[in-house]
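Here are some notes for a colleague opening this entry. Please keep the sequence and the model in view while reading.

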Amino acid sequence: MRTIDWDNDRDCIEMVDQTKLPAEYTTYHAETVPELVESIEILRVRGAPALGAAGAFGVALAARRTDADTVEAFEEAVREDAGTIAGARPTAVNLSREVEAVLRELRGCRSVEEARRRTLSAAKDIADADVERNRQIGEHGAELLSADGTVMTHCNAGALATVDWGTALGVVYSAHEQGKEIDVVANETRPLNQGSRITTVELQERDVPVRLIPDNASGLCMQRGMVDAVVVGADRVVLEGGEAFTPRHGSGDDGAGQGAVFNKIGTYKHAVLADRHDIPFVVAAPHSTVDTELSATEVEIEQRDPGELREIYGEQNAPADVSVFNPAFDPTPMELVDYLVTETGVYEPPLDRRDFERVSTPESE
Ligand code: MRU
């Protein structure tokens with residue numbers, strides 16, 4: 001099944017419950033907006049594109065659960081719920097972006113029924129488009145991989161981080177489908193272990209050989225020549241002007257080449273190591289993850305609960321009152337990125353933000 005979808009029979013959102021992996025592969029039904037918001041916060045559904053679909057379906061859910069006497073009151077209530085959903089996790093741009101996209105469907109609706117129909121239909125289209133896009137990312141990215149080799153990945157940017165197929169792992173799956181003999185080194189990805197709990201499960205299911213390593217072993221693996229490419233996803237790719245970073249491949253004009261890739265905490269460290277060892281560092285993400293509006297310093301990095309470090313699976317791991325810094329993401333400067341793979345092709349920095357700027361139409365405003 002898809003990672004997240006609309007359950008027509010129960011008229012609510014169905015998702016794979018990723019908090020239960022790897023022990024159990026079960027689904028969870030979010031029947032209400034608070035249940036969806038909780039699911040996003042505890043990472044029952046996670047990964048930027050899957051969060052985008054969650055946001056889109058969330059607006060449809062809000063439209064179906066809201067009772068109001070007038071279209072105006074209905075719209076106000078749906079917008080309030082939409083704001084709560086969009087704010088559930090701040091770093092992945094896809095969440096707020098797809099919430100906004102479905103909210104635009106409310107414009108000009110003459111009845112609550114029409115609004116319910118249109119929001120659900122738009123959310124389903126967003127989910128379908130994600131799968132299509134990931135296939136394209138996979139095809140483009142696979143061109144970068146040779147006939148055999150080892151890809152290191154961090155966190156999980158696979159089928160379970162998207163509606164289906166994945167971005168970074170989509171590249172691996174497409175290469176695998178083409179007959180390339182690719183195996184994967186999966187970083188465990190402390191503290192929530194998306195690498196060990198999710199990436200390994202996905203890869204094994206698809207018969208892609210995978211070896212799990214603790215995050216701290218990535219340098220040793222690179223030193224020993226065990227890695228041919230590092231391929232990761234992204235929660236937000238910021239392209240900005242200014243002099244924030246000097247692109248490794250020469251500077252472009254008009255601020256081209258500046259920016260950073262926000263992805264799971266630790267990505268930056270692996271990018272630095274890849275640079276040290278001359279290993280290509282590849283980011284695979286759809287255009288909907290690219291942000292040409294904010295600068296890297298303006299992006300909010302989500303801070304997670306200290307309990308994620310003070311305890312491991314309910315067992316004490318540190319003094320209960322120890323001070324904790326637990327950021328969920330870090331920015332990797334664009335100068336460390338060798339390739340950005342999107343649904344429209346492979347880009348080499350310096351990236352020209354004009355290739356990624358959203359065309360503003362009355363419908364998209
Ligand atoms: O905290 P998570 O598990 O939502 O973090 C996910 C990641 O960092 C992924 O690499 C990113 O969202 C890209 S998913 C295709």
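1. Terms first. Two strands pair if DSSP finds at least two bridges between them. Helices (H or I, at least four residues) and strands (E, at least two) are DSSP runs, numbered from the N terminus. This is a predicted model: local features need pLDDT of at least 70, side-chain atom pairs count only at pLDDT 80 or more, and totals for chains, interfaces and linings use all residues. Residue numbers start from 1 along each chain, as its sequence is written.

2. Strand β10. Start with strand β10, residues 281-284. Strand β7 (residues 229-232) pairs with β10 in the parallel sense, over three bridges. There, V232 stands opposite V283 of β10. β10 also runs parallel to strand β15 (residues 339-342), and three bridges join them. V283 stands opposite L340 in β15. F281 and V283 point one way from β10, while V282 and A284 point the other way. All four are buried (20 or more other C-beta atoms within 10 Å of the residue's own, with C-beta atoms placed from the backbone; exposed means 12 or fewer, partly exposed in between).

3. Helix α6. Nine of the 10 residues of helix α6 (residues 168-177) are buried, so the helix is largely enclosed by the rest of the structure. Among them are A168, L169, G170 and Y173. G179 follows α6, and its phi is positive, near 95°.

4. Two domains. The domain assignment gives domain 1 (4-133) and domain 2 (144-360). Such bounds come from an automatic or database assignment. The domain centres, taken over C-alpha atoms, are separated by 25 Å. The contact takes 24 residues from domain 1 and 29 residues from domain 2 (contact: C-beta atoms, placed from the backbone, within 7 Å).

5. The domain 1 side. α2, α4 (93-103) and α5 (112-142) each supply at least two residues of the side that touches domain 2. α2 gives the most, with five residues. By class, this side has 14 nonpolar, five polar and five charged residues. Ala, Val, Leu, Ile, Met, Phe, Trp, Tyr, Cys and Pro count as nonpolar, Asp, Glu, Lys and Arg as charged, and the others, Gly among them, as polar.

6. The ligand. Which residues come nearest to the ligand? Of the 19 around it, they are R46, A157, A161, G233 and K264 (a residue is near if its C-beta atom, placed from the backbone, lies within 6 Å). α2 (48-65) and β9 (259-264) are the elements that give two or more residues to this shell. The shell has 10 nonpolar, six polar and three charged residues. Both domain 1 and domain 2 give residues to the shell, so the ligand lies between them.

Terms used. Contact = placed C-beta atoms within 7 Å.
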